[in-house]
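Visitor: I have not looked at this one before. Can you walk me through a few spots?
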Amino acid sequence: MEHPENSTEYAGLQVNAGVAQPAIVNPYLSSMRKKRHKLFTAGEYVEGILKGDVSMLSQAVTLIESVHPDHQVLAQEVIEKCLPYSGNSVRIGISGVPGAGKSTSIDAFGVHLLNNYGGKLAVLAIDPSSEKTKGSILGDKTRMEKLAVHPKSFIRPSPTAGSLGGVARKTRETIILCEAAGYNHIFVETVGVGQSETACHSMVDFFLLIQLAGTGDELQGIKRGIMEIADGIVINKADGENVEKAKLAASHFRNALHLFPMPESGVMPQVLCYSGFYELGIDEVLKMIFDHIGKVKESGYFQYKRNEQSKYWMYESINEHLKNNFYYNKTIKELIKPMEDDVLGGKITSFVAAKKLLDEYYSMLK
């Protein structure tokens, strides 16, 4: 390309050709992708996990979270081989309203736990996905600054991807792999107060509910469903001028607990105040958790609860597989859209359409 500025009439002014622009796409991208997607055998995954290889553990968890049928088959084989090495950890569920300071508290709890109780800690955080874009930030790790760099910790955020039950099942399977890798303490952080609590409660030994004072949330905490599944309640941000408010909120929760019958475990939940940011009262919270674990182990409830959880997840897996088998059926896929149009057109009701689809599905099973 010629530049008119380089003509003789513009003496003293010269425009260089410039530097060639690099390619927009990284030339090494294709080779990186091939390397990233390399699958190992089930034996190789298990060998790496049992050695405590964090990279292999992370790849195995990714395999569990994959919806690819081949990946699912391989993942189940890895889980089955890791199963004999699992069950040797203390599983703690941590939940609370958004903004209650769950991630900050987990960072403080985790560091104190590793320093005072030893062992290794795995944090499994369930991150809510956008209903519109289906994307997740997966940013819980950024609020766990100390744990993120601790050599004895493993943090794994997982997206809900619109299916809470599916992620809960995958989280339970991830627990098995973490235990096989030698992590004897597991923290499961849930999305927030709601359905996720029930799913989380069905896979942990102690369920900790984090609350705030002075936000009007005391009444929410007294709601029966939440209070019944909590093994312990802690009021966060009990520092500075908020100490008295936290103590008042704690007394409200204690009064509410006396209105309910004794929990099945036979151990009455305690209510404590602490500050995750300033790390005040952390040791008392951990002592409460491990005292509770000690009591339920002594009474035999610990193993009874583990057995009940195993049965629960067996039935949950059956339900999920049946649902997936129905929706991925080729004939059903072809029938759903016309049936949906009939419902929207007012030709049939939703219930009749559902019955017709199920009848067609059942007829194929005969």
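Visitor: Where is the place of S265?
Guide: This is a predicted model. In the model, S265 sits in the loop between helix 11 (243–257) and strand 7 (270–273).

Visitor: Is S265 buried or exposed?
Guide: S265 is buried, because its relative accessible area is 12%, under the 20% cut-off. A polar atom of the S265 side chain lies 3.3 Å from the backbone nitrogen of V267.

Visitor: New topic. How many salt bridges does the structure hold?
Guide: There are 11 salt bridges. Side chains of opposite charge can pair when their charged atoms come close. One of the bridges joins D231 and K305, with 3.9 Å between the closest N and O atoms.

Visitor: Which parts does the pair D231 and K305 tie together?
Guide: D231 lies in the loop between helix 10 (224–229) and strand 6 (232–236), and K305 lies in helix 13, so the pair links parts that are 74 residues apart in sequence.

Visitor: Are D231 and K305 buried or exposed?
Guide: D231 counts as buried at 12% relative accessibility. K305 is buried too, at 9%.

Visitor: What about K337, which residue does its side chain meet in a salt bridge?
Guide: The partner is D341, at 2.9 Å from N to O. K337 and D341 both belong to helix 14 and are 4 residues apart, about one turn of the helix. K337 is partly exposed at 47% relative accessible area, and D341 is partly exposed at 38%.

Visitor: Staying with helix 14, where does the kink lie?
Guide: The kink, about 30 degrees, is at I336, shortly before the proline P338.

Visitor: How far apart are the end C-alpha atoms of helix 14?
Guide: They are 22 Å apart.

Visitor: Last one. Which residues form the nonpolar patch on the surface?
Guide: M314, Y315, I318 and L322 form the patch, and together they have about 410 Å² of accessible area. M314 lies in helix 13 (residues 301–327). M314 is partly exposed, with a relative accessible area of 43%.

Definitions and conventions
Residues are numbered from 1 along each chain as its sequence is written. This is a predicted model: local features need pLDDT of at least 70, side-chain atom pairs count only at pLDDT 80 or more; totals for chains, interfaces and linings use all residues. Side-chain values use heavy atoms; hydrogens and water are left out. Patches are made of residues with over 30% relative accessible area and no salt bridge: like charges are joined within 9 Å, nonpolar side chains (Val, Leu, Ile, Met, Phe, Trp, Tyr) within 5 Å. Accessible areas come from the Shrake-Rupley method with a 1.4 Å probe; for residues, only the protein chains shown count as cover. A salt bridge is a side-chain nitrogen of Lys or Arg within 4 Å of a carboxyl oxygen of Asp or Glu. Helices (H or I, at least four residues) and strands (E, at least two) are DSSP runs, numbered from the N terminus. Buried means under 20% relative accessible area, exposed over 50%, partly exposed in between (1.4 Å probe, protein chains only). The expected span of a helix is 1.5 Å times one less than its number of residues. The bend at a residue is the angle between axes fitted to the seven residues ending there and the seven starting there. A polar contact is a pair of N or O atoms within 3.5 Å; within protein, one must be able to donate a hydrogen and the other to accept it, and residues adjacent in sequence count only if both atoms are side-chain atoms.
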